Protein chains: 2
Amino acid sequence: MLDVCLLGTSGMMPLPRRWLTALMTRLNGSSLLIDCGEGTQVAIREKGWSVNPIDTICFTHFHGDHISGLPGLLLSMGNSDRKEPVTLIGPKGLEKIVNQLRVIAPGLPFPLRFIEFTEAEQEIEVNGYHLKAFRVHHTVACYGYTITVPRGGKFFVEKARENQVPMKFWSRLQKGETLEEDGKIYTPDMVIGPPRQGIKLTYCTDTRPVQSLVQNAKDSDLLICEGMYGEKDKQAKAEEKKHMTFLEAAHVAKDAQVKEMWLTHYSPSLLHPEEYMKSVKKVFDKAYPGKDGKSITLEFADDENRRGREGRK
Amino acid sequence: MLDVCLLGTSGMMPLPRRWLTALMTRLNGSSLLIDCGEGTQVAIREKGWSVNPIDTICFTHFHGDHISGLPGLLLSMGNSDRKEPVTLIGPKGLEKIVNQLRVIAPGLPFPLRFIEFTEAEQEIEVNGYHLKAFRVHHTVACYGYTITVPRGGKFFVEKARENQVPMKFWSRLQKGETLEEDGKIYTPDMVIGPPRQGIKLTYCTDTRPVQSLVQNAKDSDLLICEGMYGEKDKQAKAEEKKHMTFLEAAHVAKDAQVKEMWLTHYSPSLLHPEEYMKSVKKVFDKAYPGKDGKSITLEFADDENRRGREGRK
């Protein structure tokens, strides 16, 4: 299961009681962050989560509101005695930009590793996650992300017996090993069924509503999607600034057939996002206005209480 | 009169409900900021003050918690349509560091000017302020600041008449001009008395309790001073990390004979600064624990309600 927290919902600048848009996920003791604006580390503390286990930080793009909090976060991670490496992932130019920002965070007690995208779509394996970055359409190079937590097939005793697999191998085969004894080869598919549905989360900001987003978000359990403007008369501004209106985001969610969508990255001028939800829900019923600290635990499809545990906000 | 707001009181890292230590002052429509940590721009908004009129930003030193909020602040000032120049003031290396941080705040609609200190003490005139920076003792080059608002002498009609100054010159002489008519020279001292007591504010963090601080804070109306640790058993740590305990700050305030002192720059481990004030007040009675947003309007000495209007916090 994947713990998901939308740390903030602001676009452009941090506001009192509205942190900059960023996402944090936790899986088996490993934490991942997407974007790190000014104040993101405070939002993490407010949520009650820890900065120490963050091993992966992804960036959608390099506008200040998505990366301005990085030096402070790295310093705090250092102060929390992290020693293990941290992987930074993002568009081309990432390492150079981070190294410039590190003029105020020079001596960290952990190494940084960098992965920069060279393609419009790129896949990365990270500590049990499958991460896919896909190019979207903003005023600068910008990527959305899908996080997939894969789930192997179910173990079938009958199948293992049918295939005459010695019981001493069952556990290791179930974990994916291939084994050999007395000239006979034993493979995982001799004891387990086909892979089961995993968990899929898509996160995307800042962009116009493009096909790469619809395609990559397809069938997500949750889509967290920018909606810079709620007001209908902001359509032209959304097009000019390469952002989305709530309604455009709703059409993306509908076309991608996601199970649920949270809006985020609100314009500072947008004071009450919930006021615009009526027309949004007409397009996509399972659309919700994101709130700072809004959380969910996404669970595997056939587990009990699938997607059941939502946080207090 | 000088509006003073202690924007935050945290040292090392921003915390929920405790912004990083920074000071903002307002005088005749011009605003000055000392230090700008991650979240300082939010603290300014929370106070209800505006980022647009900030024309001067001073830095005590370049540890992340004192400058990490600069790129975000500059971006927000740009978004608020500021066009007038902003002067940045601080230790040697300032321009280089700011230019590196500006990798995420490249296109500002206003010019930046830089003043870097070359001496242990340096004086600068800024929009009606007299600013003095003085070197203190931290792990890196670090300066404290005094802000003095000077006040000219009082105008005396009798004096002007005694000195046979034509009435048409009174106003201009009062403003400091020197005039000449029919071979006779008229100087300001012919109509006004000696300069009156101005307003003096001293701000200092991060440092050990050094003589330059005591000397420069002398007779301040208000000293805002770091006190990283309240606990008595943190004396050795304060010495090691080049910070101060509350008690050391109290001795500075006492020796400098300031009228009032606010403590700030608390260690994240210091949860309740007010719990340590009893022994502090035995050393210096007018010591108060700083709080985020704590404000005062310092007024000229012979004005009514001298230093009377303190904010809600």
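In the predicted model, Asp206(B) is placed in the loop that runs between strand E12 (196-204) and H7 of chain B. The peptide bond leading from Thr205(B) to Asp206(B) is cis, with omega near 5 degrees. In chain A, Asp206(A) lies in the loop between strand E12 (196-204) and helix H7 (211-217), and a cis peptide bond joins Thr205(A) to Asp206(A), with omega about 0 degrees.

Asp206(A) is also one of the positions that an unreviewed UniProt entry lists under "binding site", together with Asp65(A), His66(A) and His265(A). These residues span 201 residues in sequence, yet no two of their C-alpha atoms are more than 10.8 Å apart, so they gather at one spot.

Asp65(A) belongs to helix H2 (residues 64-67) of chain A. It is buried, with 27 other C-beta atoms within 10 Å. Leaving aside residues up to four places away in sequence, Asp65(A) touches Gly11(A), Met12(A), Met13(A), Leu20(A) and Gly37(A). His265(A) is found in the loop between strand E14 (261-264) and helix H10 (277-283) of chain A. This histidine counts as buried, because it has 29 C-beta neighbours inside 10 Å and the cut-off for burial is 20 or more.

In chain B, helix H9 (residues 246-255) has 7 of its 10 residues buried, so it is largely enclosed by the rest of the structure. The buried positions in H9(B) are Phe246(B), Leu247(B), Glu248(B), Ala249(B), Ala250(B), Val252(B) and Ala253(B). Their cover includes helices H7 (211-217), H8 (235-241) and H10 (277-283) of chain B, as well as strands E13 (222-226), E14 (261-264) and E15 (287-289). Gln257(B), which follows H9(B), has a positive phi, near 50 degrees.

Positive phi values occur at other non-glycine residues of chain B, including Arg17(B), where phi is near 65 degrees. Arg17(B) is placed in the loop between strand E1 (2-8) and strand E2 (22-27), and is exposed, with 9 other C-beta atoms within 10 Å. At Asn127(B), phi is near 35 degrees. Asn127(B) sits in the loop between strand E7 (121-126) and strand E8 (129-135), where it has 14 C-beta neighbours inside 10 Å and counts as partly exposed.

How values were computed:
Residues numbered from 1 in each chain as written. Chains lettered and ligands numbered in written order. Predicted model: local features only at pLDDT ≥ 70, side-chain atom pairs only at ≥ 80, totals over all residues. UniProt positions renumbered as here; feature names shortened; annotations may be inferred. Helix = DSSP H or I, 4+ residues; strand = E, 2+ residues; numbered from the N terminus. Buried ≥ 20, exposed ≤ 12 C-beta atoms within 10 Å, placed from the backbone. Contact = placed C-beta atoms within 7 Å.
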